[in-house]
Amino acid sequence: MLLALVGWTLIAGLQGPGGTPPAPLAPGTAPTPAQIEQRRAQSSSLGRTLYEYDRAAWLSSDALTAKIPKEKLAGAGGYIVEQIGEQLLRVTYYRGGAADAQAFFVADVRGGKVFRNEVLAQPIALTREQTVLARAREIGAVTAQERSYRPCNSRPFNTIVLPSRKDGPTAVYLLSAQQDAGTYPLGGNYRVVVGSDGKVLSYRPYSVNCLNMKVPKLPAGATPVGFMINHLLDPVPTELHVFASYSLGMPLYVATPDKRVWQVKRSDITLSTPS
């Protein structure tokens with residue numbers, strides 16, 4: 001098998017499904033083994049959750065457009081994803097701004113499939129928890145405009161809002177959408193963290209350039225088994241590397257500034273070279 005290597009250079013609190021991340025390291029400070037492990041665990045959990053939420057949104061949108069023509073969806077406010085129990089994700093689509101949003105379509109996703117969906121006979125107001133997520137989504141979009149965050153293609157951002165725990169901050173991810181089957185964007189991805197009071201606590205890009213991973217055309221009989229990327233500003237791979245590995249269906253090999261190489265295989269992050 002042939003290992004396909006693609007060189008990239010990339011450029012990270014939140015209390016949610018992925019846990020609370022460690023404080024940023026001071027410039028020139030080497031992370032301790034405990035800090036390395038904490039960051040690795042956070043990236044693994046957050047990246048897996050991002051992929052699951054993004055896939056639920058994609059599957060539910062297909063169910064939505066199968067029941068409501070796209071032209072009748074103009075002006076829809078957005079959608080939010082909530083975890084209901086261990087294995088169930090519920091996607092709620094709404095119209096209007098967060099303050100007065102009305103839910104009109106709900107889909108339940110489990111095991112990578114939509115098993116129940118419903119166009120509501122009468123739109124209903126969002127719950128308090130849903131309103132918090134919708135408001136964070138709006139604030140994330142406004143912050144992206146203010147900071148000139150742009151996706152890396154002509155399609156709008158895919159927006160993933162990760163719910164907080166115990167009224168903590170909410171993370172809003174704005175991700176470049178995949179435009180074709182053979183190209184995977186790893187640039188044009190951002191995160192905005194919104195506090196329970198609606199104030200923006202932090203924001204960050206995950207790259208400095210538009211970086212599109214293309215699956216190479218290989219000689220007959222050759223099979224790509226992974227992609228190699230350089231990541232300069234974090235000691236371990238981030239949740240976006242985990243998300244990308246799930247999307248690609250193959251490992252990423254991530255070189256960090258300390259000259260170590262990590263293998264990111266779905267949510268499993270391990271050192272590929274001795275430390």
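Me: Which hand does the crossing of α1 and α3 have, left-handed or right-handed?

Reply: Before the answer, a caveat: this is a predicted model, where local features need pLDDT of at least 70, side-chain atom pairs count only at pLDDT 80 or more, and totals for chains, interfaces and linings use all residues. Helices (H or I, at least four residues) and strands (E, at least two) are DSSP runs, numbered from the N terminus. A crossing is left-handed if the near helix is turned anticlockwise from the far one by less than a right angle, and right-handed if clockwise. For α1 and α3 the crossing is right-handed.

Me: And at roughly what angle do the axes of α1 and α3 cross?

Reply: The axes are lines fitted to C-alpha atoms over the stretch in contact, with angles running from 0 to 180 degrees between N-to-C directions. For α1 and α3, these axes come within 7 Å, and the crossing angle is roughly 45°.

Me: What does that make α1 relative to α3?

Reply: Under 35 degrees counts as roughly parallel, over 145 as roughly antiparallel, 65 to 115 as roughly perpendicular, and the rest as oblique. With axes crossing at roughly 45°, α1 is therefore, relative to α3, oblique.

Me: Which residues of α3 make the contact with α1?

Reply: Contact means heavy atoms within 4.5 Å. From α1 the contributors are S43, S44, L46, G47, R48, L50, Y51 and D54. Facing them from α3 are E239, L240, V242, F243, Y246 and S247.

Me: How many of the ten residues of α3 are buried?

Reply: Buried means under 20% relative accessible area, exposed over 50% and partly exposed in between, with a 1.4 Å probe and protein chains only. The buried residues of α3 include H241, A244, S245 and L248. α3 is mostly covered, and its buried count is nine.

Me: Which residues have the most contacts inside the largest nonpolar core?

Reply: A nonpolar core is a set of buried Ala, Val, Leu, Ile, Met, Phe, Trp, Tyr and Cys residues joined through side-chain atoms within 4.5 Å. The largest one here has 27 residues, and those with the most contacts inside it are I160 and Y173.

Me: Which element gives the largest share of this core?

Reply: Elements giving two or more residues to this core are α1 (33-67), β2 (76-84), β3 (88-95), β4 (102-110), β6 (158-162), β7 (170-175) and α3 (239-248). The largest share, eight residues, comes from α1.

Me: How many residues are in the second, separate core?

Reply: Among the members of this second core are A101, L133, I139 and A144. Its residue count is 21.

Me: Is V264 buried or exposed?

Reply: V264 sits in strand β14 (residues 261-265). Leaving out residues up to four places away in sequence, V264 touches P237, H241, V242, S245, M250, P251, L252, V254 and I269. H241 is 23 residues from V264 in sequence, with 7.0 Å between the C-alpha atoms. With a relative accessible area of 0%, V264 is buried.

Me: What is the relative accessible area of P251?

Reply: P251 lies in the loop between α3 and β13. Beyond neighbours within four places in sequence, P251 is in contact with V225, G226, F227, S245, Q263, V264 and K265. P251 counts as buried, and its relative accessible area is 11%.

Me: What phi does K259 take?

Reply: Most residues other than glycine have a negative phi. K259 is placed in the loop between β13 (252-255) and β14, and K259 is exposed, at 75% relative accessible area. K259 is not a glycine, yet its phi is positive, about 70°.

Me: Where is R266 found?

Reply: R266 is another non-glycine with a positive phi, about 60°. R266 is partly exposed, at 49% relative accessible area. Its place is the loop between β14 and β15 (268-271).

Me: How far apart are the C-alpha atoms of E118 and F105?

Reply: Residues are numbered from 1 along each chain as its sequence is written, and side-chain values use heavy atoms, with hydrogens and water left out. E118 lies in strand β5 and is partly exposed, at 36% relative accessible area. Not counting residues up to four places away in sequence, E118 touches K67, F104, F105 and V106. E118 and F105 are 13 residues apart along the chain, and their C-alpha separation is 5.7 Å.
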